[in-house]
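Please keep the sequence and the model open while reading.

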Amino acid sequence: MSVNSADRPGEVDVVLVKAGRTKIRYTGELLADDGTRVTVRAPWAGSGVRDFGFVRFEPGDVFTEYYWRDRWYAVKEVRSAAGTLKGWYCDITRPAVRSGPELVVEDLDLDLWRSADGTDVRRLDEDEFAESGLTESDPEAATAALSALDELETLAHGADFTTLLT
């Protein structure tokens with residue numbers, strides 16, 4: 001059982017939900033919450049190394065995560081333990097909900113990667129999204145998710161991508 005983050009100033013429990021179940025839960029440092037966007041910094045919460053082929057997430061990596069209450073995505077800046085920027089991993093999600101010590105985000109399977117130098121922008125997991133059945137069970141959410149992915153891809157190809165995070 002984890003300690004309630006309300007008892008830990010400056011911390012928040014990030015809860016990533018997928019298909020109605022908690023996929024992962026971890027504690028991060030709450031950097032900012034302006035009522036629309038929540039910014040959290042957390043170490044790589046996965047177990048061991050996750051090698052995607054185009055990037056490796058590994059123990060020691062630090063994620064600065066940006067969640068919006070009015071957008072259908074989250075953007076995670078990924079840095080190595082030494083501080084080197086690896087890139088940005090973007091999750092397509094329902095708008096984030098913060099309730100006290102928890103920030104709950106529902107993952108909708110679609111993802112986007114943008115490398116640190118901006119030369120590698122790739123859409124990910126479109127097959128998982130198609131298999132999820134969201135287009136049948138919640139067509140409005142599916143449309144919003146696909147629009148969010150298109151918007152992020154357009155932004156990721158632009159030089160001003162990082163202004164999204166300032």
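D109 counts as buried, because its relative accessibility is 10% (buried means under 20% relative accessible area, exposed over 50% and partly exposed in between, with a 1.4 Å probe and protein chains only). The model is predicted, so that local features need pLDDT of at least 70 and side-chain atom pairs count only at pLDDT 80 or more, while totals for chains, interfaces and linings use all residues. Residues are numbered from 1 along each chain as its sequence is written, and side-chain values use heavy atoms, with hydrogens and water left out.

**Surroundings of D109**

- D109 is found in strand β10, residues 102-115, where strands (E, at least two residues) are DSSP runs numbered from the N terminus.
- The side chains of D109 and K18 make a polar contact at 2.9 Å, a term for a pair of N or O atoms within 3.5 Å, of which, within protein, one must be able to donate a hydrogen and the other to accept it, and for which residues adjacent in sequence count only if both atoms are side-chain atoms.
- Leaving aside neighbours within four places in sequence, D109 is in contact (heavy atoms within 4.5 Å) with K18, I92, L124, D125, E128, F129 and S132.

**Strand β3 and its partners**

- Strand β3, residues 37-43, is largely enclosed by the rest of the structure, because five of its seven residues are buried.
- Strand β2, residues 21-33, runs antiparallel to β3 and is joined to it by four bridges, where pairing requires that DSSP finds at least two bridges between two strands.
- V38 in β3 is the bridge partner of D33, and in the hairpin of β2 and β3, with three residues between the strands, G35 takes a positive phi near 95°.
- Seven bridges join β3 to the antiparallel strand β6, residues 62-68, in which Y66 is the bridge partner of T39.
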